[in-house]
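Please have the sequence and the model open while I talk.

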Amino acid sequence: MRRRIYIQLMAVSGVAIFATLLLVTAVYYEVFERQVFEDLKTCTGFLAGILTGGDGNKAGEHPELEPGDFYLLDRAVGGQGIRITLIKEGGEVVFDSEAQGEILGNHGDRAEVVDAFAAGEGWMVRNSPTFHKNTFYYALRINQDTVLRAAKEADSIFGVFTGVLPMILFLSLLLFALCMLLAHILTRRLVAPIERLAGESGFSGGQKVYRELEPFLQTIHKQHEDILQSAKMRQEFTANVSHELKTPLASIQGYAELIENGMAEGEDAKRFAGEIGRSSKRLLALINDILRLSELDVQEDLECEAVELSGLAKTCVDMLWLNANKHGVKLCFLGEEHVILANRGMMEELLFNLVDNAIRYNRRGGKVVVKVCEENGEVCLIVEDTGIGIEKKHQERIFERFYRVDKSRSKETGGTGLGLAIVRHIAICHGAQVKLFSKPGEGTQITVYFAGRKERGQESGDSLPAEEKNICKK
């Protein structure tokens with residue numbers, strides 16, 4: 001990261017230096033060009049005053065200038081590198097300070113001369129690519145039929161740039177070296193807080209960081225806490241699984257050894273075989289629930305369809321009626337027809353676990369009511385019992401895996417401690433909310449809220465059209 005930032009800063013510096021030098025050269029040459037024209041204008045005005053005597057009539061009265069006038073022009077511009085030309089209307093050259101005695105061609109088509117006769121003055125720059133020179137011309141009309149033109153040769157912009165190239169290279173290298181030093185310092189300062197964070201395993205709330213990085217750090221901090229929490233939960237889950245599996249396995253092993261060694265005969269052997277069977281069933285139930293939770297943990301999406309929840313709940317009540325009767329619990333159903341978008345198999349599993357749990361932890365002569373209704377536009381599944389209830393301190397953890405309020409009672413009832421954990425996972429898969437209300441000695445009510453319901457009145461066998469099929473996400 002540091003190397004990339006350093007290279008980018010150097011690239012920006014190089015481009016900035018090169019662009020600045022080009023811009024400075026262009027601006028300098030523009031100022032230089034303007035100054036040359038100002039000098040030529042001043043010089044031409046001065047010479048015009050000499051020729052006209054200040055009244056603007058001499059050249060007009062005497063088309064053929066006297067030798068003394070030419071002498072004055074030569075003396076005025078001598079040694080200054082300025083070329084003076086007098087041009088009559090029609091383009092005839094009557095005097096040229098650098099071509100005295102020579103016959104020059106017609107100058108009537110020169111742009112600066114045409115402009116001077118038309119507007120009083122004109123100027124032009126002509127370039128010589130071979131010698132990288134520019135010739136600056138300024139023409140001034142001094143009377144009705146005569147134009148005085150001054151010319152000066154100077155370097156073109158390329159010539160100026162070439163002339164100062166050594167100095168430009170020196171300054172460029174100096175600036176580039178300075179930029180390298182500054183880029184190195186800035187890169188270290190920019191990256192230092194990030195490297196400090198990367199080198200630390202923890203996140204200190206008081207450490208100095210960039211304000212722009214605070215949301216990023218908060219996200220990392222939350223993920224860090226989630227990872228630690230997840231690791232802790234997995235560790236607890238592993239320990240709980242080991243403990244839960246150890247108990248029935250130890251029971252099976254003990255009874256099997258007694259039978260194998262001939263220490264149990266007749267009724268004892270029959271009783272021990274029964275204990276082995278019960279422990280095996282408990283072990284199988286534990287394994288099935290553990291596998292189911294593992295499947296729910298890795299499940300990304302599931303096929304959903306229109307499910308008539310009240311019909312599904314009534315079927316579950318009918319299926320568990322014998323079990324409730326065995327425990328001396330009255331089981332009943334109250335509900336309206338409501339269709340939700342869900343996975344049918346998971347809904348059956350959720351209902352079975354809730355109702356079975358309410359039966360297991362009830363008291364003889366108790367009651368379990370399963371209800372399907374609507375609250376605030378959401379379909380609600382309510383399972384209410386008159387059982388032992390749950391103390392406030394246990395209610396937040398009741399949906400954790402293997403968490404039991406009364407471990408001795410749980411073993412008596414045959415519960416695995418995973419039923420409500422499975423309920424919570426299925427609810428999460430369907431975007432539903434699970435709420436619990438309980439009072440010790442009075443009973444417990446668990447409500448599952450399903451959002452995005454369908455209209456009432458559809459039969460449980462109805463399914464959504466193909467275009468309305470959906471995927472439920474976790």
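This is a predicted model: local features need pLDDT of at least 70, side-chain atom pairs count only at pLDDT 80 or more; totals for chains, interfaces and linings use all residues.

Let me begin with a question: with which residue does Asp318 form a salt bridge? The partner is Lys314, and the closest N and O atoms of the two are 3.6 Å apart, where a salt bridge is taken to be a side-chain nitrogen of Lys or Arg within 4 Å of a carboxyl oxygen of Asp or Glu. Residues are numbered from 1 along each chain as its sequence is written, and side-chain values use heavy atoms, with hydrogens and water left out.

Returning to that pair, Asp318 and Lys314 both lie in helix H9, residues 309-319, four residues apart, which is about one turn of the helix; helices here are DSSP runs of H or I with at least four residues, strands are runs of E with at least two, and both are numbered from the N terminus. Lys314 has a relative accessible area of 42% and is therefore partly exposed, given that buried means under 20%, exposed means over 50% and partly exposed lies in between, with a 1.4 Å probe and protein chains only.

A search of the whole structure finds twelve salt bridges, and one of them joins Asp145 to Lys88, with the closest N and O atoms 3.5 Å apart. This pair links distant parts of the chain, since Asp145 is in the loop between E4 and E5 whereas Lys88 is in strand E1, residues 82-88, and the two are 57 residues apart. Asp145 is partly exposed at 24%, while Lys88, at 11%, counts as buried.

Another salt bridge brings together the side chains of Glu391 and Lys393, at 3.9 Å from N to O; here Glu391 is partly exposed at 40% and Lys393 is exposed at 61%. Elsewhere, salt bridges that share partners join Glu112, Arg126 and Arg149 into one network.

Arg149 is found in strand E5, residues 146-155, and with a relative accessibility of 2% it counts as buried. Its side chain makes a polar contact of 2.9 Å with the side chain of Glu112, a polar contact being a pair of N or O atoms within 3.5 Å, of which, within protein, one must be able to donate a hydrogen and the other to accept it, and for which residues adjacent in sequence count only if both atoms are side-chain atoms. Leaving aside neighbours within four places in sequence, the residues in contact with Arg149, meaning heavy atoms within 4.5 Å, include Arg83, His107, Glu112 and Tyr137.

Tyr137 also brings us back to Arg126, which lies over the face of that ring at 4.6 Å from the ring centre. The charged end of Lys435 likewise sits over the ring of Tyr449, 5.4 Å from its centre; the criterion is NZ of Lys or CZ of Arg within 6 Å of the ring centre and within 35 degrees of the ring normal.

Now to the rings themselves. Rings of Phe, Tyr and Trp (its six-membered ring) pair if their centres lie within 6.5 Å, with planes under 30 degrees apart counted as stacked, over 60 as edge-to-face and the rest as tilted. By this rule the count comes to three aromatic pairs. The ring centres of Phe32 and Phe136 are 6.4 Å apart and their planes stand at 85°, so this pair is edge-to-face. It links Phe32 in helix H1, residues 2-52, with Phe136 in strand E4, residues 133-143, 104 residues apart. Phe32 is partly exposed at 25%, whereas Phe136 is buried at 0%. Phe32, Phe37 and Phe136 form one aromatic cluster.

Finally, the chain as a whole. The chain has 14 helices and 14 strands, and buried residues make up 35% of its 474 residues. Helix H14, residues 419-429, is mostly covered, with nine of its eleven residues buried, among them Leu420, Ile422 and His425. Following H14 comes Gly431, whose phi is positive, near 65°.
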